[in-house]
Amino acid sequence: MYKVFVNDKPLFLTNQISKETDFELFLLESIDVERIIVKIFQNKIQKAYLYHPDEREIMKTLKAKIPVCKAGGGLVYNKKGEVLFIFRNGKWDLPKGGIEKGEEIEVTAMREVEEETGVNKLSITRKMQKTYHVFKRNGKYKLKITHWFEMQSKFEGTPQGQLEEGIEKVAWLNPEQIKEALKNSYENIKLLFEEEKLLQ
């Protein structure tokens, strides 16, 4: 099953039909995905499932119905075990950004962390899950697939937010501060911390 966030509400892509009733179920093959997305943005749908019988075909089927952009991001630890966060658009987030032509996704993730925060001396320790969310740009809905990497940094200086990207502040947060920050963050960022087991 995949979780795609639309306006921070979950759109589940599944090959199983469950007996829950607090959601709407649509057939992925035949549905106009944009219509569902618009209804979620308008708060007419709180939670929806898109059903497709073949799990391997689910994401491929969705990608055929909506333009996709690929991004890379980092969950970066310093020597003290703190995590690098950025604050923009009134929410705490992790540094990430779009892939450039011909670039490896790991390179994208490290470049974006450095550009958005000024933090360098990065090394990737492992590949994490991908997250999926729908956003609107120039009147068109797009599916952003972000490839996340856990990283370590030996950076010693003061992080600097990339102003042209609207980043108001950059901070290293300890586990207690992370719990607080996640109360004002995005659902797909929370998923990464569940994976890291930092949300116990």
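**Core and pocket of a predicted model**

Val-4 touches Lys-9, Pro-10, Leu-11, Leu-13, Leu-62, Tyr-132, His-133, Val-134 and Leu-143, leaving aside residues up to four places away in sequence; contact means heavy atoms within 4.5 Å. This is a predicted model, in which local features need pLDDT of at least 70 and side-chain atom pairs count only at pLDDT 80 or more, while totals for chains, interfaces and linings use all residues. Residues are numbered from 1 along each chain as its sequence is written, and side-chain values use heavy atoms, without hydrogens and water.

Val-4 is also among the residues that touch the most other members of the largest nonpolar core, which has 23 residues. Such a core is a set of buried Ala, Val, Leu, Ile, Met, Phe, Trp, Tyr and Cys residues joined through side-chain atoms within 4.5 Å, where buried means under 20% relative accessible area (1.4 Å probe, protein chains only). At least three residues of this core come from each of domain 1 (2–65) and domain 2 (68–196), with bounds from an automatic or database domain assignment.

The largest pocket has residues of both domains in its lining, so it lies between them. A pocket is an open set of points on a 1 Å grid over the protein atoms alone, where a 1.4 Å probe fits, with protein on both sides within 12 Å along at least five of seven lines; lining residues have an atom within 4 Å of a point. Of the 31 lining residues, Lys-96, His-133, Phe-135, Arg-137 and Lys-144 lie nearest the centre of the largest pocket.

Note on methods: Buried means under 20% relative accessible area, exposed over 50%, partly exposed in between (1.4 Å probe, protein chains only).
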